[in-house]
Amino acid sequence: MANLQKHRAHESLNTDTAATWDLITTATDAPASSGAATNIDVSGYHTLGLTPAAEIYFHFHNTSTATLVIADALKLASGLSFIKIPRGLGDTIYFNYQSVADSTTEVRIVKM
């Protein structure tokens, strides 16, 4: 008989659980004028904890080569934020971000 369950028990109950806590080495992203985004594989995690030093644009995608289109991206202010990772993109999910300013921005990230 086929397993037709889409979610595991704790996901079906909509509870927050994280088996791991992975701190990513403080990253410096590309400036807005470069047109390049930083891509981080967040597959297998539920939440991101972020502390950007300045505003960043971000979005999630299912390929590491996805281009961050500023007109379609969300903007995140500096300071501590927690973001849920969307599950409808496929088995592999990437968090893409880029500085709003025309200079690099330091971003501290924890995958949970």
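The legends below describe close-up views of a predicted model.

Local features are given where pLDDT is at least 70 and side-chain atom pairs where pLDDT is 80 or more, while totals for chains, interfaces and linings use all residues. Residues are numbered from 1 along each chain as its sequence is written, and side-chain values use heavy atoms, with hydrogens and water left out.

View 1. The order of elements from the N terminus is α-β-β-β-β-β-β-β-β. Helices (H or I, at least four residues) and strands (E, at least two) are DSSP runs, numbered from the N terminus. Of the 112 residues, 33% are buried; buried means under 20% relative accessible area, exposed means over 50%, and partly exposed lies in between (1.4 Å probe, protein chains only). The protein exposes about 6800 Å², and 53% of this is supplied by carbon and sulfur atoms. Accessible areas come from the Shrake-Rupley method with a 1.4 Å probe, and for residues only the protein chains shown count as cover. Among contacts with a separation of 6 or more, 82% are between residues 24 or more positions apart. Contact means heavy atoms within 4.5 Å.

**View 2. An open sheet is formed by 4 strands in the order 2-7-4-5.** The pairing in this sheet is antiparallel. Strand 2 (38-41) and strand 5 (74-76) are at the edges; each has a single partner strand, so one side of each lacks a neighbour in the sheet. From one strand to the next, the twist averages 30 degrees. For such angles, axes are lines fitted to C-alpha atoms (for helices over the stretch in contact), and the angles run from 0 to 180 degrees between N-to-C directions. Strand 4 (residues 56-61) pairs with strand 5 in the antiparallel sense over 3 bridges. Two strands pair if DSSP finds at least two bridges between them. In strand 5, Leu76 is the residue opposite Ile56.

**View 3. Strand 3 (residues 47-52) is largely enclosed by the rest of the structure, because 5 of its 6 residues are buried.** Strand 3 pairs with strand 6 (residues 81-84) in the antiparallel sense over 4 bridges. Leu48 has Ile83 of strand 6 opposite. Strand 3 also runs antiparallel to strand 8 (residues 106-111), with 5 bridges joining these strands. Here Leu50 stands opposite Ile109 in strand 8.

**View 4. The largest nonpolar core has 17 residues.** A nonpolar core is a set of buried Ala, Val, Leu, Ile, Met, Phe, Trp, Tyr and Cys residues joined through side-chain atoms within 4.5 Å. The residues touching the most other members are Val42, Leu48, Leu50, Phe60, Phe95, Tyr97 and Ile109. At least two residues of this core come from each of strand 3, strand 4, strand 7 (94-99) and strand 8. Strand 4 supplies the largest share, 3 residues. In soluble globular proteins, nonpolar side chains tend to be buried together. Leaving out residues up to four places away in sequence, Ile109 touches Asp22, Leu23, Ile24, Ile40, Leu48, Gly49, Leu50, Phe95 and Tyr97.

**View 5. His59 is a residue of strand 4.** His59 counts as buried, at 16% relative accessibility. Residues up to four places away in sequence aside, His59 touches Ala66, Thr67, Leu68, Tyr94, Phe95 and Asn96.

**View 6. Gln98 and Ser99 belong to strand 7.** Ser99 has 0% relative accessibility and counts as buried. Pro52 is 47 residues from Ser99 in sequence, and their C-alpha atoms are 9.2 Å apart in space. Gln98 also counts as buried, at 1% relative accessibility. Between the C-alpha atoms of Gln98 and Ala36 there are 7.2 Å, although these residues are 62 residues apart along the chain.

**View 7. Glu106 and Arg108 form a salt bridge through their side chains.** The N to O distance is 3.5 Å. A salt bridge is a side-chain nitrogen of Lys or Arg within 4 Å of a carboxyl oxygen of Asp or Glu. The structure holds 1 salt bridge. Side chains of opposite charge can pair when their charged atoms come close. Glu106 is partly exposed, with a relative accessible area of 38%. Arg108 is likewise partly exposed, and its relative accessible area is 47%.
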